[in-house]
Amino acid sequence: METAWPYEVEILNDATFEKDIPATAALEYYTFQEKMQDFSLSEKTYVLCQIELALRNRQQKLKNTAIIRNRQGTPIAECSLKFYGEKEKQPDDSWFCDNIGCCNTCRLGCFSMIFDGDAPPKETCYLASICVGQNYRGKGLGTKLMQWAEQEARKANCHTIALDVAATNPRAAALYERVGYSIVKKSNLCCLSLFLTHSKFYHMRKPLNSAEPLLLPRQSAAI
């Protein structure tokens, strides 16, 4: 009988960075692709490049990104954090203007808000992304990554952990509420409706006022 694969959380590291980045970028891309609408091939290429660029900009902060691999060693789940003072570099859009036109580049600039945004305030950890490959959902990988995120936030002496979730994903919002997050702000990013099936988001926060580990309900295994 084949033993169960442990699906351990590991931190991105320099030794495997170049090999892992394309697979990790594709993982984030295909997660977002479920929410995209009417994207041309050139625009999809732009988005994939944008994700890979954002990941490469994190190379100096590899400890902020965790992955889980399958038996073949391919990243199948990913979680990235941001702390005070950290902000991704803005990409140079001149190449995109030359290849897909300035109008499309400006429209897609709105999309970069998903990957960039302001740095978190002091003593706050921002959960910038968490995604699990479609074929690996329901195995508790999201649970492991959320536990890792809270552990890292506490190590950094953060008092709060925050995230954003689409208002059209009430299942995820309800899950976050069950594990201690609460909605503190509702945003309507109208320009995102040009590219996604939604533009309304909830900004959620959770106080980290105890050293107790995160315990998620069983239904969270769907993450």
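How many bridges join strand β2 to strand β3, and which way do the two strands run? The views below take up this pair and its surroundings in a predicted model.

**View 1. Strands β2 and β3 side by side.** Five bridges join β2, residues 65-69, to β3, residues 75-82. The two strands run antiparallel.

**View 2. T65 in strand β2.** T65 belongs to β2. Its relative accessible area is 1%, under the 20% cut-off, so T65 counts as buried. The side chain of T65 makes a polar contact with the side chain of S80, at 3.2 Å.

**View 3. The whole sheet.** Seven strands form an open sheet with mixed pairing. Their order is β1-β2-β3-β4-β5-β7-β6. At the edges are β1 (9-11) and β6 (182-188), each pairing on one side only. From one strand to the next, the twist averages 25 degrees. Strands of a sheet pair through backbone hydrogen bonds, either parallel or antiparallel.

**View 4. Strand β5 and its two partners.** Six of the seven residues of β5 are buried, so this strand is largely enclosed by the rest of the structure. Three bridges join β4 to β5, and these strands run parallel. Here Y126 stands opposite A162 of β5. The chain passes from β4 through α5 to β5 in a right-handed β-α-β crossover. Seven bridges join β5 to β7, and this pair runs antiparallel. The bridge partner of A166 is F201 in β7.

**View 5. Helix α5 across the sheet.** Helix α5 spans residues 141-155. It lies across β1, β2, β3, β4 (124-132), β5 (160-166) and β7 (200-207). Its direction is at about 25 degrees to β3.

**View 6. The largest nonpolar core.** This core has 30 residues. Those with the most contacts inside it are L81, V165, Y176, Y181 and M204. The elements that give two or more residues are β2, β3, β4, α5, β5, α6 (170-178) and β7. Helix α5 gives the most, with six residues.

**View 7. Around Y181.** Which residues are in contact with Y181, leaving aside its neighbours within four places in sequence? They are L127, M146, E150, I161, A162, L163, Y176, M204, R205 and K206. Apart from the core of 30 residues lies another core, of nine residues. Among its members are F17, I21, A25 and Y29.

Conventions: Residues are numbered from 1 along each chain as its sequence is written. This is a predicted model: local features need pLDDT of at least 70, side-chain atom pairs count only at pLDDT 80 or more; totals for chains, interfaces and linings use all residues. Side-chain values use heavy atoms; hydrogens and water are left out. Two strands pair if DSSP finds at least two bridges between them. Helices (H or I, at least four residues) and strands (E, at least two) are DSSP runs, numbered from the N terminus. Axes are lines fitted to C-alpha atoms, for helices over the stretch in contact, and angles run from 0 to 180 degrees between N-to-C directions. Contact means heavy atoms within 4.5 Å. A nonpolar core is a set of buried Ala, Val, Leu, Ile, Met, Phe, Trp, Tyr and Cys residues joined through side-chain atoms within 4.5 Å. Buried means under 20% relative accessible area, exposed over 50%, partly exposed in between (1.4 Å probe, protein chains only). A polar contact is a pair of N or O atoms within 3.5 Å; within protein, one must be able to donate a hydrogen and the other to accept it, and residues adjacent in sequence count only if both atoms are side-chain atoms. A crossover is right-handed if, with the strands pointing away from the viewer, the path from the first strand over the helix to the second runs clockwise.
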